[in-house]
Amino acid sequence: MENLVKMRNVMKNRSNFTLNNINLDIKSGFITGLIGPNGAGKTSLIRCMMNLMHIDSGEITLFGKTHFEATNEIKQKIGFVYDENCFYEDLSVEQNKKIVSMFYNQWEDSVFYSYLERFQVPKDKKIKQLSKGMKMKFSLAIALSHHPQLIIMDEPTSGLDPIFRREFLDILLDVVQDERKAIFFSTHMTKDLEQIADYIAFMHNGELVFSDEKENIFDHYVIVKGSKKTLNEMNSSKMIGIKETSVGFEGLLQRKDLVSHDNLIFEKPSLEDIMYLTVRGREHASSY
Ligand SMILES: Nc1ncnc2c1ncn2[C@@H]1O[C@H](COP(=O)(O)OP(=O)(O)OP(=O)(O)O)[C@@H](O)[C@H]1O
C-alpha cells in the first residue's frame with residue numbers, strides 16, 4: 001500500500017501550543033482515525049495537512065508532493081469535511097453545490113444527488129436553515145462527489161444521530177474497498193474507530209503519542225485491576241497510567257511489562273481506556 005500522506009518532523013508553534021515533531025503516514029486502502037483529548041492538536045494537525053496553517057519546519061507531502069509544489073493538484077484529490085461551516089449560509093444547497101462543483105475536475109452531479117437523497121438533505125433549503133447534522137451530511141455529500149482519493153475529516157460525526165452515524169461508518173468502509181483510496185478523520189467516538197479503523201493515531205499536548213495498526217495497539221497494552229493493597233505491594237513503576245478508586249485501582253501496562261501477582265485481574269483495554277490512562281499518566285508525570 002502506498003503512503004498518500006507523509007508528515008516528517010513537522011513543527012508548528014502557536015501561542016501557548018506547539019505541534020511537536022509530528023511523523024505520520026496515511027496509507028491507501030485503509031481508514032486511519034485520529035484521537036486525543038480536547039486541545040491535543042488534532043484540528044491543528046489537519047489544518048497543517050490541508051495547508052490552511054503553515055508549518056514552521058519539517059515536511060508534509062500528499063500524493064508525493066508538497067502543497068508548495070502542487071497545492072491545486074493535491075486539493076483536487078482530497079474530499080475535506082471540516083468542523084466549521086465553510087459554505088455560503090444564505091445560499092441554498094443547490095446553489096452551494098453549483099459553486100463548489102466548479103472547482104473539481106472530476107465532479108459528478110449524479111453521485112451528489114444520490115447522496116442528497118440517501119441523506120435526506122433538501123436541495124432547496126438555505127444552508128442556514130439546515131440542522132447541524134444536515135450540514136454535516138451536505139458536507140459529506142460534497143466531499144464524496146468528486147471522487148477524491150483521500151478523504152480528510154475533522155470530527156465528522158459530531159452532530160450526527162446514532163442511526164446515521166452507523167450508515168456513515170458503512171459509507172467509509174465502502175470507500176476504502178477501493179485500495180487506492182484512504183480516509184483520515186479525527187473523532188472523540190473511540191468506539192467507532194474500534195469498529196472500522198485500521199490505523200489509530202493518538203495525540204496529546206501537540207505530540208503524537210503513537211500511530212500504529214489498531215490490532216498492534218490492542219496487542220501492545222493490557223489493563224490491570226486489583227485492590228489498593230495489591231497496588232501497594234506491587235511495583236507500579238512501569239504503569240503508564242493509574243486510576244485509583246475507593247476500592248482498588250486500574251492501570252495500563254505494556255504487555256511486555258506484565259507483572260505476576262496472585263490478586264491481579266488482566267483485561268483487554270478499549271481505545272478509551274488506552275487514551276484515558278495514557279493521558280492521566282502523562283499529566284501526572286508532567287505535574288512533577
Ligand atoms: N486560532 C488559534 N490561535 C492560536 N491557538 C489556537 C487557535 N486555535 C486553537 N488553538 C490552540 O491550539 C491548541 C490545539 O487546538 P486544536 O483545536 O488543534 O485541538 P483539538 O485536538 O482539535 O481539540 P478538540 O478535540 O477540542 O477539537 C489548543 O491549545 C488551542 O487553544
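**Exercise 1. Find which residue stands opposite Met-7 in strand 2, then describe the pairing around it.**

Step 1. Met-7 stands opposite Leu-24 in strand 2. Strands here are DSSP runs (E, at least two residues), and helices are DSSP runs (H or I, at least four), numbered from the N terminus. This is a predicted model: local features need pLDDT of at least 70, side-chain atom pairs count only at pLDDT 80 or more, and totals for chains, interfaces and linings use all residues. Residues are numbered from 1 along each chain as its sequence is written.

Step 2. Count the bridges. Strand 1 (residues 3-14) and strand 2 (residues 17-27) run antiparallel and are joined by eight bridges. Two strands pair if DSSP finds at least two bridges between them.

Step 3. Look at the turn. The two strands form a hairpin with two residues between them. Asn-16 in that turn has a positive phi of about 65°.

Step 4. Turn to strand 4 (residues 57-62). Five bridges join strand 4 to strand 1, again antiparallel. Val-5 has Leu-62 as its bridge partner there.

**Exercise 2. Describe how helix 4 meets helix 5.**

Step 1. Take the geometry. The axes of helix 4 (residues 109-119) and helix 5 (residues 132-144) come within 9 Å and cross at roughly 155°. Axes are lines fitted to C-alpha atoms, for helices over the stretch in contact, and angles run from 0 to 180 degrees between N-to-C directions.

Step 2. Name the arrangement. Helix 4 and helix 5 are therefore roughly antiparallel to each other. The cut-offs are under 35 degrees for roughly parallel, over 145 for roughly antiparallel, 65 to 115 for roughly perpendicular, and oblique for the rest.

Step 3. List the contacts. Val-111, Phe-112, Tyr-115, Leu-116 and Phe-119 in helix 4 meet Lys-137, Ala-141 and Leu-144 in helix 5. Contact requires C-beta atoms, placed from the backbone, within 7 Å.

Step 4. Classify them. This contact has seven nonpolar, no polar and one charged residues.

**Exercise 3. Give the strand order of the six-strand sheet and identify its edges.**

Step 1. The order is 5-6-7-3-8-9, in an open sheet with mixed pairing.

Step 2. Strand 5 (78-81) and strand 9 (207-213) are at the edges, each with a single partner strand, so one side of each lacks a neighbour in the sheet.

Step 3. Check one pair. Strand 3 (residues 31-35) and strand 8 (residues 199-204) run parallel over four bridges. Gly-33 has Ile-200 in strand 8 as its bridge partner.

Conventions. Two residues are in contact if their C-beta atoms, placed from the backbone, lie within 7 Å. Ala, Val, Leu, Ile, Met, Phe, Trp, Tyr, Cys and Pro count as nonpolar, Asp, Glu, Lys and Arg as charged, and the others, Gly among them, as polar.
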